[in-house]
Amino acid sequence: MTPRHIARYGTVWNLEEEDQEFTGCYVGDLLSDVLAHAKRGSLLVTTQNQRNTLAVAAACHLPAIVLTGCDRPEEGLVQLAKEHHLSLFSTRLDNYSFLKQVGVWI
């Protein structure tokens, strides 16, 4: 799965590598679980529209975040994503609906 697949279902706020292949996907809203279980190179799908989400993604070496159930990231998140070299997307779809759409590429 690449950022192009994700962009079909939401908004791209920051794109670091257009042709990057994600090696997996982790879906979770409890950031301590993300820290404990997300695999390096995976896409993070979450409803957590906050600064701590980016910090956790950076610590876990997750290259991209999809914020579900929202129109736009919280103020300051786009700049923070650029500073941490993370791709950032948002979609109005909930986690299940988003994964149903992109699941064919995972």
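Predicted model: local features only at pLDDT ≥ 70, side-chain atom pairs only at ≥ 80, totals over all residues.
Residues are numbered from 1 along each chain as its sequence is written. Local features require pLDDT of at least 70 and side-chain atom pairs pLDDT 80 or more, while totals for chains, interfaces and linings use all residues; side-chain values rest on heavy atoms, without hydrogens and water.

The mean pLDDT (the predictor's confidence in each residue, from 0 to 100) of the chain is 92, and 97% of its residues reach 70 or more. Helices (DSSP runs of H or I, at least four residues) and strands (E, at least two) are numbered from the N terminus. Among these elements, the lowest mean pLDDT, 85, belongs to helix 1 (residues 3–7), and the highest, 97, to helix 2 (residues 31–37).

Just after helix 3, histidine 61 has a positive phi of about 60 degrees.

A nonpolar core is a set of buried Ala, Val, Leu, Ile, Met, Phe, Trp, Tyr and Cys residues joined through side-chain atoms within 4.5 Å. The largest has 18 residues, and Val34, Leu54, Leu62 and Ile65 have the most contacts inside it. Helix 2, helix 3, strand 4 and helix 4 each give two or more residues to this core. A second, separate core of ten residues includes Phe22, Leu43, Ala64 and Phe89.

Notes:
Buried < 20%, exposed > 50% of the residue type's maximum accessible area, 1.4 Å probe, protein only.
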